[in-house]
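Biologist: I am new to this structure and would like to learn how to read its features one at a time. Could we go through it together with the model in view?

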Amino acid sequence: MSSQGKQYEYLDHTADIKFQAYGKTREEVFENAALAMFNVIIDTGKISGDTAREIFLTSPDLESLLVDWLSELLYLFEVDEIVFREFRVEKIREEKGEYSITAQALGEKYYLEKLPFETEIKAVTYNQLEITKTADGWKAQVVVDI
């Protein structure tokens, strides 16, 4: 079956959650990986997008950039208590042997009474991490510790 039209799917795992994200571009696959991760934590459909965070990161390779991107979003959630619902990756660049991402994440301040928490994610891991170019675009596989 083609992954065309699919944003992400969850794959069975034990003390972790494994998912695959899809996109026509690298930017879109990074957006959908972030969406998949936040939907593990909370139902993102219930979140407004009135709070924005600008994110700029550089990493030595695409895999590290994906882990750093998801980890940064998780960090903002834990420290600033913002749950995100929308991700706009403006550009992923490759220059001088480094990858960079320029993006914006939209969400709202998290209040337990208002938004029930579903699953706590402890960390984004390199375990079984893959980013591959496909006939339809890009696919990323991520495992998060819960």
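This is a predicted model: local features need pLDDT of at least 70, side-chain atom pairs count only at pLDDT 80 or more; totals for chains, interfaces and linings use all residues.

Biologist: Is E81 buried, partly exposed or exposed?

Modeller: E81 has a relative accessible area of 41%, so it counts as partly exposed. K96 is placed in the loop between strand 4 and strand 5, and with a relative accessible area of 86% it is exposed.

Biologist: How should I read the packing of helix 1 and helix 2, and at what angle do their axes cross?

Modeller: In general, two packed helices are described by the angle between their axes and the distance between the axes. Here the axes of helix 1, residues 26-41, and helix 2, residues 62-80, come within 11 Å and cross at roughly 40 degrees. That angle makes helix 1 oblique to helix 2, and the crossing is right-handed.

Biologist: Which residues make the contact between the two helices?

Modeller: Helix 1 contributes R26, F30, A33, A34, M37, F38 and I41, while helix 2 contributes L62, L65, L66, W69, L70, L73, L74 and F77. Sorted by class, this contact has 14 nonpolar, no polar and one charged residues.

Biologist: Which residues of the largest nonpolar core touch the most other members?

Modeller: The general idea is that, in soluble globular proteins, nonpolar side chains tend to be buried together. In this model the largest nonpolar core has 47 residues, of which F30, L66, W69 and L73 touch the most other members. Elements that each supply at least two residues of this core include helix 1, helix 2, strand 4 (82-95) and strand 5 (98-109).

Biologist: What is W69 in contact with, leaving aside its neighbours within four places in sequence?

Modeller: With those neighbours set aside, W69 is in contact with F30, A34, I55, L57, F87, V89, I101 and A103.

Biologist: And where is Y10 found?

Modeller: Y10 is found in strand 1, residues 8-11, and at 39% relative accessibility it counts as partly exposed. Not counting residues up to four places away in sequence, Y10 touches I17, K18, F19, A36, N39 and V40. The C-alpha atoms of Y10 and K139 are separated by 13 Å, although these residues are 129 residues apart along the chain.

How values were computed
Residues are numbered from 1 along each chain as its sequence is written. Side-chain values use heavy atoms; hydrogens and water are left out. Axes are lines fitted to C-alpha atoms, for helices over the stretch in contact, and angles run from 0 to 180 degrees between N-to-C directions. Helices (H or I, at least four residues) and strands (E, at least two) are DSSP runs, numbered from the N terminus. Angles under 35 degrees count as roughly parallel, over 145 as roughly antiparallel, 65 to 115 as roughly perpendicular and the rest as oblique. A crossing is left-handed if the near helix is turned anticlockwise from the far one by less than a right angle, and right-handed if clockwise. Contact means heavy atoms within 4.5 Å. Ala, Val, Leu, Ile, Met, Phe, Trp, Tyr, Cys and Pro count as nonpolar, Asp, Glu, Lys and Arg as charged, and the others, Gly among them, as polar. A nonpolar core is a set of buried Ala, Val, Leu, Ile, Met, Phe, Trp, Tyr and Cys residues joined through side-chain atoms within 4.5 Å. Buried means under 20% relative accessible area, exposed over 50%, partly exposed in between (1.4 Å probe, protein chains only).
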